[in-house]
Amino acid sequence: MDEDGDDDMHDLESLNYDDLDSVSKLQKTQRYKDIMQKVEDALQKGTDFSNQGSILEEDPEYQLIVDCNALSVDIENEIIIIHNFIRDKYRLKFPELESLVHHPIDYARVVKKIGNEMDLTLVDLEGLLPSAIIMVVSVTASTTSGKPLSEENLEKTVEACDRALTLDAAKKKVLDFVESRMGYIAPNLSAIVGSAVASKLMGTAGGLGALAKMPACNVQLLGAKRKNLAGFSTATSQFRVGYLEQTEVFQSTPPALRTRACRLIAAKSTLAARIDSIRGDTTGKAGRNLLEEIRKKIEKWQEPPPAKLPKPLPVPDSEPKKKRGGRRLRKMKERYAQTDMMKLANRMQFGIPEESSLGDGLGEGYGMLGQAGSGKLRVSAGQSKLAAKVAKKFKEKSYGSSGATSGLTSSLAFTPVQGIELSNPQAQGNPLGGGTQSTYFSETGTFSKIRRTQ
């Protein structure tokens, strides 16, 4: 379908006739005149709901609405043809204008307003274009290479602009008629998006049946225009949004959630259009329910996340556990505990390089093992608490032989710590020593306190 559309646009751009009547023929057709006459009569007569319970396809009011939808599409195509005619004529005067103003009706209004005027400071474009676009157009017009048009070309261009504006007014009148009948033709769709947006959706899609067969992702894009921001930021602009951005629900949604809201509205609008196409609910109650569902979901999106509660401790269980403690469990833990050797290997001393298995810092490092020795790996076996306590206790006592200096005196002593030890039996026999050591200069002697007598 996109390729066919591109081919049609290419054919339209190739039209370059001098006569406007040979290009635009819709306004002179009998079908255009008959439909517009019926629309004007229906708008003056008002709405007739006498055939509300009958089949929708057999209702003449619905047939007129279908014809109006088809005519609105033809009017849109005719406006594009006239727009190409205006561009071809006005390109000699202002070639950059077509890249600045993309919408055909806005382009026709600007061309009609400017005319042959070369100084745009004398032309008031306020109300026709946004202020940012007006500024860009004025700056571009001061450096344009265009030249004024001849009187004949200018007259044809202005006539084409008037015809485009007339067709646009006729299209608005057709859409107003369709909008006034939306409460009867599509009550559920009108309850969600409103009568004006519903008529635009039906007119662009080509009828209620075509809208019902269309997927929701395409309904979201109906009426989307190419936006020209003229170098301004695109951060706040809404892209890929068509007529649905004119709905009340979309406008009341925060900007951060509008993309999600647009997808939701398009999905629910498609469901409502399918209900209306088979006349499933003529009262519009289903559409109101869908609208309420949309609002609840949008409110749910805006709720803050639930506060994180502190995690409570687990409930203590009073049942006896199979795991037991005591000496057996401690012995098992000691068996699988990390040894002192591994603790030293996993530790490094600041400023001192560690030894490794391959040398030069390569291989597996040994940490602090062997740094205090001669370079070999030495593991000092630490005494247990019990052994240290016994050693301290027996160190306070002397386990040497008796003080008798007989021939049976032995220099061997039996101790519970080291087994057999060598000891000096003379050390305990004479604490003051002999010879010169018996004087004041004895190594083991002490000063004596002599009582003073009278």
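The following is a working chat about one protein chain and its predicted model.

Colleague: Before we start, what kind of model is this, and which residues count for local features?
Modeller: This is a predicted model, in which local features need pLDDT of at least 70 and side-chain atom pairs count only at pLDDT 80 or more, while totals for chains, interfaces and linings use all residues. Residues are numbered from 1 along each chain as its sequence is written, and side-chain values use heavy atoms, with hydrogens and water left out.

Colleague: OK, how many helices and strands does the chain have?
Modeller: The secondary structure comes to 19 helices and two strands, where helices (H or I, at least four residues) and strands (E, at least two) are DSSP runs numbered from the N terminus.

Colleague: And what share of the residues is buried?
Modeller: Of the 454 residues in the chain, 31% are buried, and buried here means under 20% relative accessible area, with exposed being over 50% and partly exposed in between (1.4 Å probe, protein chains only). The chain exposes about 30,700 Å², of which carbon and sulfur atoms supply 53%; accessible areas come from the Shrake-Rupley method with a 1.4 Å probe, and for residues only the protein chains shown count as cover.

Colleague: What about contacts between residues 24 or more positions apart?
Modeller: Those account for 60% of the contacts in the chain with a separation of 6 or more, a contact being heavy atoms within 4.5 Å.

Colleague: Let's go to charges; how many salt bridges are there?
Modeller: The count comes to twelve salt bridges, each defined as a side-chain nitrogen of Lys or Arg within 4 Å of a carboxyl oxygen of Asp or Glu.

Colleague: Which parts of the chain does the pair of glutamate 40 and lysine 173 link?
Modeller: The side chains of glutamate 40 and lysine 173 meet in a salt bridge with an N to O distance of 3.3 Å. This pair links distant parts of the chain, since glutamate 40 is in helix α2 (residues 30-45) and lysine 173 is in helix α7 (residues 151-180), 133 residues apart. Glutamate 40 is partly exposed at a relative accessible area of 30%, and lysine 173 is partly exposed at 31%.

Colleague: Where do charges gather on the surface?
Modeller: Arg327, Arg328, Arg330 and Lys331 gather in a patch of positive charge on the surface. Such patches are made of residues with over 30% relative accessible area and no salt bridge, with like charges joined within 9 Å and nonpolar side chains (Val, Leu, Ile, Met, Phe, Trp, Tyr) within 5 Å, and the place of a charge is taken as NZ of Lys, CZ of Arg, CG of Asp or CD of Glu. Arginine 327 is found in helix α16 (residues 327-336) and counts as exposed at 61% relative accessibility.

Colleague: Last topic, what is the phi of arginine 279?
Modeller: Phi of arginine 279 is near 55°, a positive value in a residue other than glycine. Most residues other than glycine have a negative phi. Arginine 279 has its place in the loop between α14 (258-277) and α15 (285-302), and counts as buried at 19% relative accessibility.

Key. Lys, Arg positive; Asp, Glu negative; His and termini not counted.
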